[in-house]
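Have the model open as you read along.

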Amino acid sequence: MTTFESRNPAHPSSIVGTFAVADAAAVDDAVRRATGAQRAWAQVPVPARAEIIGSIGDVLASRKADLARLVTLEAGKILVEAGGDVQEAVDMAGFIAGQGRAAWGTTHPCEMPNKFGFTTRHPVGVVGMITPWNFPVAIPSWKIFPALLAGNGVVIKPSELAPACCDAFVEACVAAGVPADLVNVVHGFGDVGAAITTHPGVRAISFTGSVPTGRRVAAAAMEVGPKLVSLELGGKNAAIVMDDADLDLVVEGALFGAFGTSGQRCTSTSRLVVHRAVADELVERITARATALRVGDPMDATTDVGPVITAESAARIHGMVERAIDEGNTLVMGGHAVEPSECEGGSFYTPTLLRGAHRDSYIARNEVFGPVLAVLEVESFDDAIETVNDCEYGLSSAIYTHDVNLAMQAVHRLDTGIVYVNAPTIGAEIHLPFGGNKHTGNGYREAGTRGLEQFSETKSVYIDYSGRLQKAQIDNREALS
Ligand code: NAD
């Protein structure tokens with residue numbers, strides 16, 4: 001049996017857990033168990049499924065402190081952010097449980113007399129889920145709860161960088177009454193994800209991760225499918241700062257948006273698109289505050305910025321910063337890895353501010369996934385909108401202004417799935433749809449009521465109670481001759 005270890009990114013010599021890599025037989029077995037359990041689960045009335053999901057929320061809430069500590073240990077988030085990760089799953093359980101008593105379709109008048117149409121949802125069967133490491137409790141909840149409500153079985157492969165968090169999450173599901181075998185965790189690397197993607201017993205794939213991996217997953221699933229494939233991918237999120245913005249608010253938002261979770265959120269603020277009139281003052285104020293952020297052990301309540309997930313990640317981030325400088329950016333602050341004294345061998349990167357990026361430069365177009373904020377200066381509102389939209393990603397954007405006309409025009413013109421006004425690019429709530437445009441996804445959304453769509457097939461039903469054959473489009477229309 002091949003195994004791998006998950007390690008604490010702040011203390012890499014500390015092993016969080018050892019996990020067996022699933023081979024082809026283990027993936028087969030997980031799909032077979034999910035298939036068997038799903039048949040019985042699909043017969044459970046939807047409100048009864050919902051009650052179990054509600055109970056998962058209770059179990060998660062009662063274990064919140066322990067789960068948050070595990071998220072901090074394994075994913076390196078500072079404790080308050082780790083608590084937010086778990087809270088998101090608690091909130092999602094409550095929301096999805098409520099959906100168990102909400103409308104399950106639509107009703108429609110029909111063309112013919114004594115005939116009636118309605119839609120309902122049908123489970124897809126077994127859903128394969130492949131998840132990233134950065135929201136190791138919340139993201140499984142976004143996928144597993146709606147999938148279960150819709151009557152499906154689940155095989156999930158969490159990131160190899162956060163396997164213990166997924167195990168703990170699924171243990172909470174089972175403790176709350178989810179039937180044995182309905183949700184199956186398999187561990188391993190990309191090849192295990194690929195085995196799930198191409199498994200004939202898996203009808204739908206729900207993937208969250210980077211754009212390159214998402215492309216591979218979608219291509220592989222279609223090769224053996226078609227299958228339902230939903231992709232939630234990377235971001236290159238931007239906040240616009242107009243010349244009338246409340247700069248106090250912008251500074252707070254920029255610090256949280258760019259350096260929170262060490263910049264490793266799909267919605268992290270990576271570009272600050274600033275009106276030239278306020279750029280000098282804003283850069284100065286962000287620098288003053290950001291240099292005071294404490295980088296250190298995420299278990300310590302006084303830490304503001306924890307580690308990045310691996311040494312490779314720190315090296316990749318640094319490579320992007322060096323390239324940005326080569327391309328003419330000014331390094332305003334940061335720009336190097338650090339090793340806090342209490343975290344020997346840990347991978348940390350200082351909050352970094354770059355200025356003067358051109359919108360064609362590499363740093364302005366590519367996801368960093370680290371604590372790096374690039375300031376791009378613009379001359380006008382139109383220039384700002386075009387700069388934000390000139391990017392292949394389309395997840396989250398923001399505008400800071402007091403001008404309601406500009407704010408509303410931005411809402412209409414920004415080509416992203418999420419837009420914030422006078423708030424940073426992070427801060428989504430679970431009852432609104434979450435996801436992005438362009439290369440960030442393929443049209444699906446998670447969370448909100450739309451989150452159910454990827455886990456159910458729509459069934460259109462016609463009831464004809466006329467007692468005779470009625471031909472739509474023919475009987476009630478003029479004959480051709
Ligand atoms: P990643 O793409 O490296 O890995 C994601 C998952 O895919 C992991 O479980 C990995 O083992 C698996 N995988 C790798 N190769 C595979 C293959 N060929 N077939 C199937 N599975 C495979 O991403 P990551 O580094 O874990 O996460 C960071 C990325 O995720 C960032 O780009 C971030 O923006 C994105 N993300 C997006 C959202 C969103 O909702 N849009 C949310 C969180 C993270």
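## The ligand and its surroundings

The ligand is surrounded by 29 residues, with Glu160, Ser210, Thr213, Leu233 and Glu367 the closest; a residue is near the ligand if one of its heavy atoms lies within 4 Å of it. This is a predicted model, where local features need pLDDT of at least 70, side-chain atom pairs count only at pLDDT 80 or more, and totals for chains, interfaces and linings use all residues. Residues are numbered from 1 along each chain as its sequence is written, and side-chain values use heavy atoms, leaving out hydrogens and water.

By type, the shell divides into 13 nonpolar, 11 polar (Gly is counted here) and 5 charged (Asp, Glu, Lys and Arg) residues. Helix H7 (190–197), strand S8 (204–208) and helix H8 (211–224) each give the shell at least two residues; helices (H or I, at least four residues) and strands (E, at least two) are DSSP runs numbered from the N terminus.

| Residue | Protein atom | Distance |
|---|---|---|
| Gly209 | backbone N or O | 3.4 Å |
| Ser210 | side-chain N or O | 2.7 Å |
| Thr213 | side-chain N or O | 2.8 Å |

Of the 860 Å² of accessible area that the ligand has on its own, the protein covers 88% (Shrake-Rupley method, 1.4 Å probe).

## Two backbone details

Most residues other than glycine have a negative phi, and most peptide bonds are trans. Gly225 and Pro226, however, are joined by a cis peptide bond with omega about 10°, and Pro226 is placed in the loop between H8 and strand S9 (228–232). Asn114 has a positive phi, near 55°, and lies in the loop between strand S3 (107–109) and strand S4 (115–123).

Technical notes. Polar contact = N/O pair within 3.5 Å; in protein donor to acceptor, adjacent residues only side chain to side chain.
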